[in-house]
Amino acid sequence: MENEYDWRLQSDWYSPTRLHNSPVEYDFPGDRFIPNRSLMNLDQAHTVLTNRSVEKPPTPNFKSTRQKLENLKLDVEGRPFQMLVFRGSPKSSRKINRLTDEMRLSDEEIYTYKPQRRFPKSESRILDAPNIKDDYYLNIMDWGKTNILAIALGTKLYLWNAESHKCELLSEESISEGNYPSSVSWSQDGKIVAAGYKCSRIQLYDAETLKPVRCLSGHKRRVGSIAWNDHILTSGSKDRAIINHDVRARNSITSCVKIHPGEVCGLKWSITGNLLASGGNDNLLYIWDASKMSSMHHLHKFTDHCAAVKALAWCPYKDSVLASGGGTTDGFIKLWNIQIGTCINSIDTKTQICGLQWNRHHKELLSGHGYGNDSTECKNKLCLWKYPSMSKIDESRNLNLRLLHLTQSPDGVTVVSAGADETLRFWEVFGPATDVNTSKYVD
């Protein structure tokens, strides 16, 4: 019996009768959807439902309620506003998304740390360059595609391998004859080294066998500048002539232009190979169309410089832009838009511009400087400029003597300067390469 009673007690423990008749108050939480009757006052509920004398709640004032709802349709300025209503077409929605993206990008630019690019504190390597000619009008250093640096030191022409650090003698002239290499340039494939000489000849050397393969003639005085354009080798001389040589042909001369009143000391082909820039000791800068040089018809003639124009460099990311630098009495770096034939920027450095090199990884221009007043900031220094504003980013220390030549490594990271102090200095100034728009100086 005891077990049976216990079973009945447990079975009707939560039954309505048990809870209703029990004089004990139970505090059961009940279910979320089925309420527990122990929590209800059933007598009061029955009275409310059966007593008709209880006052009914007042009839709601629908007019005032409607007025309140109408007010909800107005914003703080009293303009119509509705919640949960689609506004605008997909076109306007795209505009909003675009503005949101722009705001997000601007926030990222504000809060993302971008270290300021600086000029390296010191050189990564210094090599001796004894007997280097202290002559502004020569171009005796070039870094080839195969990572070999060609440099003329006095009467000798050397090849220095940047990977193995091995130096080899390519050629040597007789001191008694007074001849020496006055210009050096690598072919674009890195197989041939061309050297122009004081005696007016041009010699081509096989870089692998270290032997001369051809001699080109046509000039009457020293060849101070040469530049390759595929199989065309262009040379400029103190005889004021510019000659195009097709190195594949037996009779190599394809055109000869003699328009500069002074020595042609600067030559640079554009990256596309269709335009040639020539600068002279006559303060003039000419732009030539490759297909029209035989007719001596130039595209542009610029007379803005007040000294010799040796330093020339075509922009690697905008083929219509050319940078040029003037000599001691000029000191200007000028940027030219060749497409329309105008100067788009001009910076007065108050010092001789001996060389210009573009940075291929950041929008920057490097300049090498020589003579100037003692008070000028750029004298005997390397200066790094932001493109296109040409505001100075940083500069090297004073190197005591002028920098004669500049060239850069095939990967576009290292720049080597040749100085009148008979040294070659290697600077890690252009690297490292970064993704597009990650540099502070990318425009």
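Strand β3 (residues 148-153) and strand β4 run antiparallel and are joined by 6 bridges. Strands here are DSSP runs of E with at least two residues, helices are DSSP runs of H or I with at least four, and both are numbered from the N terminus. Two strands count as paired if DSSP finds at least two bridges between them. The model is predicted, so local features need pLDDT of at least 70 and side-chain atom pairs count only at pLDDT 80 or more, while totals for chains, interfaces and linings use all residues. Residues are numbered from 1 along each chain as its sequence is written, and side-chain values use heavy atoms, with hydrogens and water left out.

**The chain as a whole**

- The chain has 5 helices and 28 strands.
- Of its 443 residues, 45% count as buried; buried means under 20% relative accessible area, exposed means over 50%, and partly exposed lies in between (1.4 Å probe, protein chains only).
- The accessible surface of the chain is about 25,300 Å², and 51% of this belongs to carbon and sulfur atoms. Accessible areas come from the Shrake-Rupley method with a 1.4 Å probe, and for residues only the protein chains shown count as cover.
- Among the contacts in the chain with a separation of 6 or more, 46% are between residues 24 or more positions apart. A contact means heavy atoms within 4.5 Å.

**The sheet of β2, β3, β4 and β5**

- Strand β3 belongs to an open sheet of 4 strands, in the order β2-β3-β4-β5, with antiparallel pairing.
- Strands β2 (141-143) and β5 are at the edges and have a single partner strand each, so one side of each has no neighbour in the sheet.
- Neighbouring strands of this sheet are turned against each other by 20 degrees on average, direction ignored. The axes behind this angle are lines fitted to C-alpha atoms, for helices over the stretch in contact, and angles run from 0 to 180 degrees between N-to-C directions.
- Between β3 and β4, leucine 153 stands opposite lysine 156.
- Strands β4 (residues 156-161) and β5 (residues 167-172) run antiparallel and are joined by 5 bridges. Tryptophan 160 has cysteine 167 in β5 as its bridge partner.
- The hairpin of β4 and β5 has 5 residues between the strands, and histidine 165 in the turn has a positive phi of about 60 degrees.
- In a regular strand, side chains alternate between the two faces of the sheet.

- Strand β24 (residues 382-386) pairs with strand β25 (residues 392-395) in the antiparallel sense, over 3 bridges.
- Leucine 384 stands opposite aspartate 394 in β25.
- This hairpin has 5 residues between its strands, and methionine 390 takes a positive phi near 60 degrees.

**Salt bridges**

- The structure holds 14 salt bridges, each defined as a side-chain nitrogen of Lys or Arg within 4 Å of a carboxyl oxygen of Asp or Glu.
- Arginine 117 and glutamate 364 form a salt bridge, with the closest N and O atoms 2.6 Å apart. Arginine 117 is in the loop between α5 (90-111) and β1 (125-128), glutamate 364 is in strand β23 (residues 364-372), and the two are 247 residues apart. Both are buried.
- Arginine 222 forms a salt bridge with glutamate 263, the closest N and O atoms being 3.1 Å apart. Arginine 222 lies in the loop between β9 (211-216) and β10 (223-229) and glutamate 263 in the loop between β13 and β14, so the pair ties together parts 41 residues apart in sequence. Both of these residues are buried.
- Lysine 392 forms a salt bridge with glutamate 377, the closest N and O atoms being 3.4 Å apart. Lysine 392 lies in strand β25 and glutamate 377 in the loop between β23 and β24, so this pair ties together parts 15 residues apart in sequence. Lysine 392 is partly exposed at 30% relative accessible area, and glutamate 377 is exposed at 54%.

**Two buried residues**

- Threonine 351 is in strand β22 (residues 351-359) and is buried, with a relative accessible area of 0%.
- The side chain of threonine 351 makes a polar contact with the side chain of histidine 369 (2.9 Å). A polar contact is a pair of N or O atoms within 3.5 Å; within protein, one must be able to donate a hydrogen and the other to accept it, and residues adjacent in sequence count only if both atoms are side-chain atoms.
- Glutamate 263 has a relative accessibility of 6%.
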